[in-house]
Amino acid sequence: MEENAAAQFERGTDGPKVIVVGIDGSDSSWRAAAYAAGLARRQASKLVLVYVQPVLPAGAAMGAPVMDATNEVAEELMAEIRRATERLQGIYQVRWEFHTLRGDPYNGMVQMADDLKADAVVVGASESAGHRIMGSVAVRLVKAGRWPVTVVP
């Protein structure tokens with residue numbers, strides 16, 4: 001019994017080992033990424049940056065141009081992350097990786113946080129008026145109650 005208990009994952013017991021941050025190119029998501037990077041550096045955690053490419057409902061747009069646009073955003077985000085990493089190389093050492101997937105941002109963040117056994121999730125505050133009705137990704141992640149969630153304004 002002791003041996004099995006030791007092998008089980010226990011979130012946050014020695015500080016965060018994996019910090020997942022959602023980015024989408026908005027100012028608040030970049031602030032969230034900067035905040036999470038600082039946490040990761042101080043805690044010697046792995047920083048995982050996640051961009052969930054939105055999938056629009058059928059008929060909302062005509063396929064290829066929208067897919068190309070979300071791929072472009074993912075490529076721009078990756079380029080910006082690389083530039084920031086190069087600027088800080090030698091000053092700050094942070095282990096990081098970038099993931100992109102398609103789907104609903106909330107479900108994508110949940111999937112990544114679960115798959116990576118995240119100890120913490122960091123997201124920017126919503127800049128969308130529509131989220132006042134539907135609930136922002138940040139609020140939904142907090143309500144899930146599965147990880148400590150930091151919402152950066």
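A: Start with a salt bridge: the side chains of E97 and K46 meet at 3.3 Å, N to O. The term means a side-chain nitrogen of Lys or Arg within 4 Å of a carboxyl oxygen of Asp or Glu.

Q: What does the pair of E97 and K46 tie together?
A: E97 lies in strand β3 (residues 95-102) and K46 in strand β2, so the pair ties together parts that are 51 residues apart in sequence. Helices (H or I, at least four residues) and strands (E, at least two) are DSSP runs, numbered from the N terminus.

Q: What am I looking at, and what are the ground rules?
A: This is a predicted model, where local features need pLDDT of at least 70, side-chain atom pairs count only at pLDDT 80 or more, and totals for chains, interfaces and linings use all residues. Residues are numbered from 1 along each chain as its sequence is written, and side-chain values use heavy atoms, with hydrogens and water left out.

Q: How many salt bridges does the count come to?
A: Two. Besides E97 with K46, D114 forms a salt bridge with R146, and their closest N and O atoms are 2.1 Å apart.

Q: Where do D114 and R146 lie?
A: D114 lies in helix α4 (residues 105-115) and R146 in the loop between α6 (137-144) and β5 (149-152), so the pair ties together parts that are 32 residues apart in sequence. D114 is partly exposed at 30%, and R146 is partly exposed at 36%.

Q: OK, helices. At what angle do α4 and α6 pack?
A: About 45°, with their axes 9 Å apart. Axes are lines fitted to C-alpha atoms, for helices over the stretch in contact, and angles run from 0 to 180 degrees between N-to-C directions. The two helices, α4 and α6, are therefore oblique to each other; under 35 degrees counts as roughly parallel, over 145 as roughly antiparallel, 65 to 115 as roughly perpendicular and the rest as oblique.

Q: Which residues of α4 and α6 meet?
A: P105, Y106, M109 and V110 in α4 meet V137, R140, L141 and A144 in α6. Contact here means heavy atoms within 4.5 Å.

Q: Which residues of α4 are buried, and what do they pack against?
A: The buried ones are Y106, G108, M109, V110, M112 and A113. The buried residues of α4 pack against β1 (18-22), β2, β3, β4 and α6.

Q: What happens just after α4?
A: K117 takes a positive phi of about 50° there. K117 sits in the loop between α4 and β4 (120-124) and is partly exposed, at 44%. Most residues other than glycine have a negative phi.

Q: And what about the phi of A44?
A: A44 is not a glycine, yet has a positive phi of about 55°. A44 is in the loop between α2 (27-43) and β2, and counts as exposed at 60% relative accessibility.

Definitions and conventions: Buried < 20%, exposed > 50% of the residue type's maximum accessible area, 1.4 Å probe, protein only.
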